[in-house]
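Please consult the sequence and the structure shown here.

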Amino acid sequence: MQPVIEVKNVGMRFNLAEEKTDTLKEFFLKLAKHQLHFNEFWALKDVSLTIEKGESVALIGKNGSGKSTLLKLIAGVLAPTKGEIITRGEIAPLIELGAGFDYDLTGRENVFLNGAVMGFDRAFMEKHFDEILDFSELGRFIDVPVKNYSSGMTARLGFSIATITNPDILIVDEVLAVGDERFQKKCEERIRRLLDNNTTLLFVSHNAEKVKDICKRAIWLDEGNLMVDTDSKTACDAYHASFENKNA
Amino acid sequence: MKRKLELWAYQARKFRPLVKELIKRDLKVKYRRSFLGYVWSLLNPLLMMAVMSLVFSHFFRFQMEGVSYPLYLICGQTLFNFFNESTNQSMFAILGNATLLKKVYIPKFIFPLARTLSSFVTMSFSLGAIVIVIPFTGTPITPYILLFWVPLVFLFLFSCGVGLVLSALSVYFRDITHLYSVVILAWMYFTPIFYPTTIIPDHLSLLFKLNPLYHFIAFFRDTVVYGCMPSSATWLGCAVPGVVVFLLGFLIFRKLQKNFILYI
């Protein structure tokens with residue numbers, strides 16, 4: 001069987017201009033001064049990996065190591081500067097808080113909007129609405145605009161919607177860290193159930209215990225380089241050893 | 001090639017609910033907290049027509065060759081308003097949905113497309129105003145009125161193409177949004193909306209006919225106001241810019257969309 005995610009020699013470059021070029025005047029001024037594309041920054045450098053169906057993979061590494069960039073590339077939000085990414089199947093991305101939410105709309109309206117983003121029509125979402133409301137535990141706050149939600153509430157709603165079906169690929173980027181302990185437990189249970197149903201999980205977390213607990217495999221990224229790609233325990237230990245060495 | 005087509009079909013199926021939701025959201029936002037809601041789509045053109053016919057029939061006294069000036073006016077107005085609203089709305093479609101685009105994968109052209117569609121829905125309500133006006137003006141109805149939708153379809157394609165380009169350009173250069181309001185004003189005076197085509201001087205007539213809106217409106221008026229078959233020149237003047245601008249807009253948008261995410 002073909003792997004669900006293939007990342008082939010992917011590099012991602014960002015331009016770290018001090019200010020964005022938003023106006024024509026600035027554009028031509030910078031063009032004249034040869035200041036366009038000035039500060040290049042490679043968030044990912046020649047990363048290759050394949051993930052098979054049903055695997056649970058964690059991405060670990062310090063802040064700015066390229067974890068979120070890699071997730072966004074896999075989710076199709078960003079296009080790689082170099083290399084190629086192939087994904088097979090439905091992706092439910094939980095990248096950052098409130099991915100796919102319109103903050104001006106109420107929670108209820110966002111359930112339908114977010115569902116539509118994932119390709120579910122209104123009838124389908126209405127059928128599952130009570131289940132979502134129930135799992136998110138939002139109660140009467142469901143009719144409040146999302147901009148007034150706490151980060152925990154946003155995460156709860158997002159997770160409840162994304163996991164309403166069995167997505168082929170579930171991407172979870174730190175969003176669970178903001179929920180309270182009880183809700184985190186609930187989410188983990190649901191993730192395990194999805195894994196049993198052959199969902200592929202991509203998970204970013206700074207919590208080594210969680211990583212070892214939920215994921216079998218872990219990938220350690222450091223400054224855009226793939227350092228280690230092995231079972232989660234070995235990878236976590238290697239990662240921890242790296243900064244303990246620095247401290248010593 | 002086949003794989004590509006399959007992918008398109010798959011995406012079209014997958015994102016149809018999203019287009020629907022976006023249109024619903026646009027309409028909801030438009031009439032939020034207004035007492036009359038959708039009725040405004042009907043009432044607004046009627047009131048505008050009343051004001052403008054009052055002004056122009058007293059100050060300018062155009063020779064209308066036996067057709068009703070208010071009806072002539074509201075036809076041009078309805079079509080131009082659609083073009084104005086849909087392109088203006090599309091222009092902010094990408095910028096306004098930045099929060100969605102930054103975090104989930106959605107084919108980006110969906111946003112300007114949905115904005116154009118929702119303006120089209122609003123315009124179809126406004127067509128009701130024309131239906132109301134026709135009997136009051138005593139305009140005879142001919143079978144040609146059944147063709148009224150033809151220019152609307154081509155106008156939709158044209159507006160969609162223009163909207164796609166504007167939405168992409170506005171991401172890179174916000175100046176466009178300010179410039180466009182001037183362009184649209186000039187465009188309005190350049191299009192026979194409130195004045196009859198007969199006042200256009202002969203030596204400028206060719207220039208006026210290069211304006212696609214001229215033909216969309218002419219086609220619509222031929223079927224509704226004049227009750228005659230539009231000339232083949234008018235047919236061509238609608239179909240060619242409609243299809244060409246739509247395809248061109250799509251291609252330009254596809255070229256420009258790659259780096260959106262870094263700018264919004």
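## Interface of chain A and chain B

In this predicted model, the count between chain A and chain B is four salt bridges, a salt bridge being a side-chain nitrogen of Lys or Arg within 4 Å of a carboxyl oxygen of Asp or Glu. One of the salt bridges links the side chains of Glu109(A) and Lys28(B), at 3.1 Å from N to O.

Elements of chain A that each supply at least two residues of the side touching chain B are tabulated below; helices (H or I, at least four residues) and strands (E, at least two) are DSSP runs, numbered from the N terminus.

| Element of chain A | Residues |
|---|---|
| α1 | 24–32 |
| α2 | 67–75 |
| β5 | 91–95 |
| α3 | 107–117 |

With five residues, α3(A) gives the most to this side of chain A. The contact (heavy atoms within 4.5 Å) takes 33 residues from chain A and 26 residues from chain B.

## Nonpolar patch on chain B

Phe35(B), Leu36(B), Val39(B), Trp40(B) and Leu47(B) make a nonpolar surface patch of about 520 Å². Val39(B) lies in helix α2 (residues 39–59) of chain B.

## Conventions

Residues are numbered from 1 along each chain as its sequence is written, and chains are lettered from A and ligands numbered from 1 in the order in which they are written. Local features need pLDDT of at least 70, side-chain atom pairs count only at pLDDT 80 or more, totals for chains, interfaces and linings use all residues, and side-chain values use heavy atoms, with hydrogens and water left out.

Terms used: Patch = residues over 30% accessible without salt bridge, like charges linked within 9 Å, V, L, I, M, F, W, Y side chains within 5 Å. Areas by Shrake-Rupley, 256 points an atom, 1.4 Å probe, with all protein chains shown as cover.
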